[in-house]
Each structure stands twice: as structure tokens, then as C-alpha cells.
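This report describes a two-chain protein model. The sequence and structure come first.

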Amino acid sequence: MGDRSSNPGCVDPSALIRSASKGDESAWRGLLELYGRRVFAMAKSRCRRDDLAEEIAQSVFVTVATTLVQGGYTEQGKFEPWLFRVTMNRVRDEMRRIKRHAAPTDPHALAQSNGAEDEPERPEESDVRALREAMGELSEADRQVVELRHQGGLGFKEIAAILEEPLGTVLARHHRALRKLKERMEQGTAEVGKRVESKGDRR
Amino acid sequence: MSGTHDEMDAVTETPKELREMSAALDRLGARDRSSARHDYESQLFEASRGALAGSAPLKLVRPVSAVSRPWMRLAAAVALVAGAGLIASVWLAPRGGGGGVSAPVQQMTQSGGVDSIRADLEEFLSVIEAGDSWSVAGAEQEQSRFWSDDLSISEESM
């Protein structure tokens, strides 16, 4: 299951934050170990590109380091909500920038533009892509909850704090999003089944 | 990174029919987290350690142009006006016999100036009347002198 704990390796994040604020590099490295991949996954879920996700994560952590060292982080005990809020904002800004330049970021779209669409696809990739596409059809509010929960590995309380919503609202959104995704995936599977059947009939 | 559910998961039991979807999303999340390259954290550390040390340029901040600061704009405007005023005062300052740029004009428009202009004009007209043939003859003389000089130079050089 996902990384729901804010403290997976029995490391105290608040101690790391305190030390990192004083310029302690090993503490900073510890924070990167704790949160680096979760921030990366949040970014990748939207942009679907490793290089861009890395770039966004770098930008997020540079901002976080700067704020910590300069004493700008004052919300003790709310590091995770703050970090993921910075991440969400950065991802949103980047996606807007990409939309303005109208560059395809979906690897499938890129493959199509490069003429590689005939390449056979592994079944797992197809499932993953279908799930990502289904996520793309969720409303922004529902998608945020899903990404914070499953990509960011956050608990519902942290998600509620980040989104500044009541816990009940967050839970309801999560259930609604799961239901929509399930319906969409079942619909997609049925369509694929029909297509396979029609191909078999033609033969 | 293998995590555990938080305490809220026990409270917020995911409906049975949605558990499979929730698990699929968990797998997708884990896949995304592990898809970063193996030295991702080290690279992230290298990219951000400058910010931690406070030594590197921390963010892409657009440098504020000096001209965009209001007080600098004001100072530039004052300097411009002062410079223009200085040039104007030097240009229009009284010179020698009492006048700036407009002084000769003023002098000429006075009575003495008019008389001298009239005398000059009369002299000029008399030269023109007498001198058509004179000027042509002078030009011919000049031309022949030029060619003879040129010839003598070329002979010497040879």
C-alpha cells in the first residue's frame, strides 16, 4: 500500500527540519529521502514526464531550502501540508506554462507525433495509461485528493490540512473519485472487449 | 519506501467495492515514486545544497533594473533637466561685445549694420557687372597653370 506515514523510517521530521534550517546538510539529505520521491510522483502524475517531474521537484526543494534557511518557515508541525502545497502550486504553474506553449507532455501523444504509435505495447503499460487517462477525467478537486493520497502518500488528515477542507469533505471526494475511476475503467474494459470481439468476427 | 496506512484508514474504511481501485491507485503511486532514477535523491541534494548554504542564487529572481526604481527615475529626470538647462544657458550666454547667438543678428538689424550690408551688396553687384569676362579669363589662366604644373611634376618624377 502507499506511504501514508509521515515518518516511515522512524526519523523525526521536525528534528530534521530544525537541523536543516541551520544549514545541516545531512538533515537536509534526510528530508530529501523522506519526501523527494513523493514530490516527484505528485509532479509526474500530472506532467507524465520524468525529466519535467525532476525539474519541478528540484524547484520545490530549492524553494523549501531557501525558506527554511531564511527562517521563513514558521508553521511548526505543518511541514508536510506546506511542502505539498508548494508542490501543487508549482505543478499547476508548470502545467499552465506547458499549456500556453501547447507542447504535448503525454508520452503517448509524443509517441504519436513521432510516428511510433504502431509499436506494440505491454499490457501493464496499457492498464497504467488507462488509469492515468481516467484520472485526467476527474474534476480538479477530486484529482487533487487522489494524487495527494496515492502519489503523495499522505493521510486524509494531512490532505484536509493542505486543501483547507473538512476531513469529511476530503473523504467524500476520495470515495467519489474512486467510484468514478472504477466506472471509467470498467467502461474502458468493456470497450476493449467489444473491439477484440469485433476483430475476431472479421477474421 | 514501504509505508503503512495512517490511523484514519481504520476509521475511514474504504467501501468494499472500491478497495480494488484504491489498491490499483496505490500501485500506480508506488510505481511513480520508484520511477525516479536511482540517484535521484543525490541529484536533488546537489541541486538544492546551494540554497541550503545560502550561497548560490536561490531562486530565479528577475533582477530589478535601476531605471525601474522610482527614485532612480526621478534622479534621472532631474539630471536630464539640469543638463538641458546647462547646455541652454551656455549656448545663450552673452559673448564678448554683448550678445549670445542672436547678438550678430541684432547688430546687423541696427542702422550701422544695414549700411554695411548695403555697401557690401553694391560692391558685389559692381563686381558681377564688370566681371563676367574677367572671371572667365581668370578661370582659363588657372586651368592652364594647373596643367603646366602637373606636366612639370611628372617630368621631374621621370
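The sections below cover the basis of the model, the interface, and some local features.

## Basis

This is a predicted model, in which local features need pLDDT of at least 70 and side-chain atom pairs count only at pLDDT 80 or more, while totals for chains, interfaces and linings use all residues. Residues are numbered from 1 along each chain as its sequence is written, chains are lettered from A and ligands numbered from 1 in the order in which they are written, and side-chain values use heavy atoms, with hydrogens and water left out.

## Interface of chains A and B

Contact (heavy atoms within 4.5 Å) links 55 residues of chain A with 42 residues of chain B. The two chains bury about 4,700 Å² between them, with 60% of it on carbon and sulfur atoms; buried area is the accessible area (1.4 Å probe) lost by two parts on being put together, summed over both.

The rule finds 5 salt bridges across this interface, a salt bridge being a side-chain nitrogen of Lys or Arg within 4 Å of a carboxyl oxygen of Asp or Glu. A:R37 forms a salt bridge with B:E41, and their closest N and O atoms are 2.7 Å apart. On the chain A side, α2 (25-47), α3 (50-69), α6 (123-136), α7 (140-151), α8 and α9 (167-202) each supply at least two residues that touch chain B. Helices here are DSSP runs (H or I, at least four residues), and strands are runs of E (at least two), both numbered from the N terminus. The largest share of this side, 13 residues, comes from α2(A).

## Helix α8 of chain A

Helix α8 spans residues 156-163 of chain A, and its buried residues are A:F156, A:I159, A:A160, A:I162 and A:L163. They lie on the same side of α8(A), because they cover an arc of only 160° around the axis; the arc is that of the directions from the helix axis to the C-beta atoms. Buried means under 20% relative accessible area, exposed over 50%, and partly exposed in between (1.4 Å probe, protein chains only).

After α8(A) comes A:E164, with a positive phi near 55°.

## A:I98 in helix α4

A:I98 is placed in helix α4 (residues 79-101) of chain A. Its relative accessibility is 10%, so A:I98 counts as buried. The C-alpha atoms of A:I98 and A:C47 are separated by 9.1 Å, and these residues are 51 residues apart along the chain.

## Chain B

The secondary structure of chain B comes to 6 helices and 0 strands. Of the 158 residues in chain B, 21% are buried.
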